[in-house]
Amino acid sequence: MTHRLSPETLATLPAAVRRPSYDRAGLTTGIVHIGVGAFQRAHQAVYTDDALARDGGPWGIAGVSLRSPGTRDALGPQGGLYAVATRDAAGERLRVVGCLTELLVAPEDPDAVLERMTRPSVRIVTLTVTEKGYCHDPASGALNEDHPDILHDLAEPGRPRSAVGFLAEALARRRAAGIAPFTVLSCDNLPSNGDTIARILRRFATLRDPAFGDWVAERVAFPNSMVDRIVPATTDADRARVAAALGQADAWPVVTEPFSQWVVEDRFPTGRPAWEREGVEMVADVHPYETMKLRLLNASHSTLAYLGSLAGYETVSDTMADPAFLRLVRGLMDEAGATLRMPPGTDLERYKDALVERFRNPALRHRTAQIAMDGTQKLPQRLLGTIRDRLAAGAPIDRLALGVAGWMRHVSGTDEQGRPIDLHDPLAGRLAEITATAGPSADRLAPALFGLTAVFGDDLPRDARFTGPVTDALHRLFADGARAVVAAMP
Ligand code: CS2
């Protein structure tokens, strides 16, 4: 029987597998991470593991899950250890990461989470809670004050459910105890992610107590960051392959690509790991990088996810192997790239070429259905902001509009073979009502979906230069199917 990966079995790993070289047992927790999923474990934790190996320091990470006990159940018995498998056509490399000092499940014991977040040794709270975890209105970026978790956390501040509620209560306790606030570092794919969580948290804190809201605004740092690494959901085949290579079972390894990028605004009043020595770009202003990544990488991803899955492709690399989709993505990146204002020296063409190569990585089975989730939370920053800028410049939006129409076709309930599409979206109930009433008709469905102001705002639904091309593309998708519509795109 294979042993389970654990602190005791580290020494018996194959020599080629890198492992923590620092003293894990003596590690102080300096970071609490909320949303300890595959992405953070393949990204921020790897940079932090590298920083610990080089410099040591009080930067162990306590990982918090806001909902499911899955990560804790998998990694708890492994003492927080797990493998990161980096894959491309050339093969697979493995390392074991050791910087997770403990794993907590918030609903089981919210007070334990708040206790960690209140410790003076904790200087940073990082977040990967996905777009919907911000409990905000995606079109405006403001706190959604009717969100059930927000209503709950205002009524019961000592037993929060949302990331916002945990941040607020922990900061309130630090303030009361005279402990300096931690820095809040959002690592989600949101525009101005630091400014966004700052705005949301300040509003929430003000609803609790206006003086507390002012204190949050004055005392807490919220650096913006751009995060990038493609990390598909781990499969059982990944687990089996990794166990064979480690000679030990890992209940939840993460599988990723060689590429990794992290650009962070350097505003950490109470300190941070020396991430810059591990390749993190510490800058004064992240916005251009963040917009570039959302409008090129994530916009292409979502467009490939909707249209590719409709065309019957299971993964991004399968979709990219179709020359019509490759051409579409190139064209989409040109439409979006024209809206970017990059610092001198940025080579956008090279960035686009690299994205195409990353999307084609045949060793990553990144499912289109995974990326298709939560479209209402993703469209505004991935496609709609670009569309607004293109319209303001009087430029065409053909490919961007096709991406939006692909989402509409996706939420219409059934795929091109008439099979039901399993819709994952915080607005799924509302979407189901709309699509049931409209039926498979572009003329009814498109206007009904444009009515979602949390997604489209008030401006786009009134602009025929937007509604026209989207409705037209949706017509074609219903009539001809995604493969044919993409192939017909010049
Ligand atoms: C993807 C992202 O699932 C998605 O929506 O577009 O998770 C993407 O893989 C990452 O942002 C890459 O950095």
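Helix α12 covers residues 323-337, and its 15 residues reach 21 Å from first C-alpha to last, close to the 21 Å expected at 1.5 Å a residue. That expected span is 1.5 Å times one less than the number of residues. Helices here are DSSP runs of H or I with at least four residues, strands are runs of E with at least two, and both are numbered from the N terminus.

This is a predicted model, where local features need pLDDT of at least 70, side-chain atom pairs count only at pLDDT 80 or more, and totals for chains, interfaces and linings use all residues. Residues are numbered from 1 along each chain as its sequence is written, and side-chain values use heavy atoms, with hydrogens and water left out.

Back to α12: its buried residues include Phe325, Leu328, Leu332 and Met333. Buried means under 20% relative accessible area, with exposed over 50% and partly exposed in between (1.4 Å probe, protein chains only). The buried residues of α12 pack against α10 (287-310), α11 (316-320), α13 (348-360), α15 (375-392), α16 (398-411) and α21 (482-488).

On to the ligand. Among the residues around it are Asn189, Asp228, Arg229, His366 and Arg382, where being near takes a heavy atom within 4 Å. The table lists polar contacts, meaning pairs of N or O atoms within 3.5 Å; within protein, one must be able to donate a hydrogen and the other to accept it, and residues adjacent in sequence count only if both atoms are side-chain atoms.

| Residue (polar side-chain atom) | Distance to a ligand oxygen atom |
|---|---|
| Lys293 | 2.6 Å |
| Asn298 | 3.0 Å |
| His301 | 2.8 Å |

Next, Ser225, which sits in strand β9 (residues 225-228). At 1% relative accessibility, Ser225 counts as buried. Its side chain reaches the backbone oxygen of Ser186 at 2.7 Å. Leaving aside neighbours within four places in sequence, Ser225 is in contact (heavy atoms within 4.5 Å) with residues including Cys187, Asn193, Trp262 and Glu290.

Trp262 turns up again in an aromatic cluster with Tyr47, Phe268 and Trp275. Rings of Phe, Tyr and Trp (its six-membered ring) pair if their centres lie within 6.5 Å; planes under 30 degrees apart count as stacked, over 60 as edge-to-face and the rest as tilted. The count comes to nine aromatic pairs. The rings of Tyr47 and Trp262 have centres 5.5 Å apart and planes at 40 degrees, so this pair is tilted. Both residues are buried.
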